[in-house]
Amino acid sequence: MPTTEIVGIACTWAHDEGMTDRDDFLEWVTTALYEAELALHNGDAAPRRALWSRNEPVSVLGAWRNA
């Protein structure tokens, strides 16, 4: 079962037969990331900040303008 680090909490989900890592990524993009970006567009940055990792290693490319 794949594991993803989101806000310092290990989140797991069932990896259905035939699903690829790409499928898992696209599912995440169309749920949590989409909702966070929509909230940001509506003036609420908290959901987007909640997606950022708080554990090393972390890449901060472009984070200066978002902070």
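1. From the N terminus on, the elements of this predicted protein model follow the order β-β-α-α-α.

2. Residues are numbered from 1 along each chain as its sequence is written. Because the model is predicted, local features need pLDDT of at least 70 and side-chain atom pairs count only at pLDDT 80 or more, while totals for chains, interfaces and linings use all residues; side-chain values use heavy atoms, without hydrogens and water.

3. Of the 67 residues in the protein, 9% are buried, meaning under 20% relative accessible area, whereas exposed means over 50% and partly exposed lies in between (1.4 Å probe, protein chains only). The accessible surface amounts to about 5600 Å², by the Shrake-Rupley method with a 1.4 Å probe. Carbon and sulfur atoms hold 57% of this surface.

4. Contacts (heavy atoms within 4.5 Å) were also examined by separation along the chain. Among those with a separation of 6 or more, 21% join residues 24 or more positions apart.

5. The whole structure holds one salt bridge, that is, a side-chain nitrogen of Lys or Arg within 4 Å of a carboxyl oxygen of Asp or Glu. The partners are Arg48 and Glu37, whose closest N and O atoms are 2.8 Å apart. Arg48 lies in helix α2 (residues 46-51) and Glu37 in helix α1 (residues 21-41), eleven residues apart. Arg48 is partly exposed at 23% relative accessibility, and Glu37 is partly exposed at 32%.

Terms used: Helices (H or I, at least four residues) and strands (E, at least two) are DSSP runs, numbered from the N terminus.
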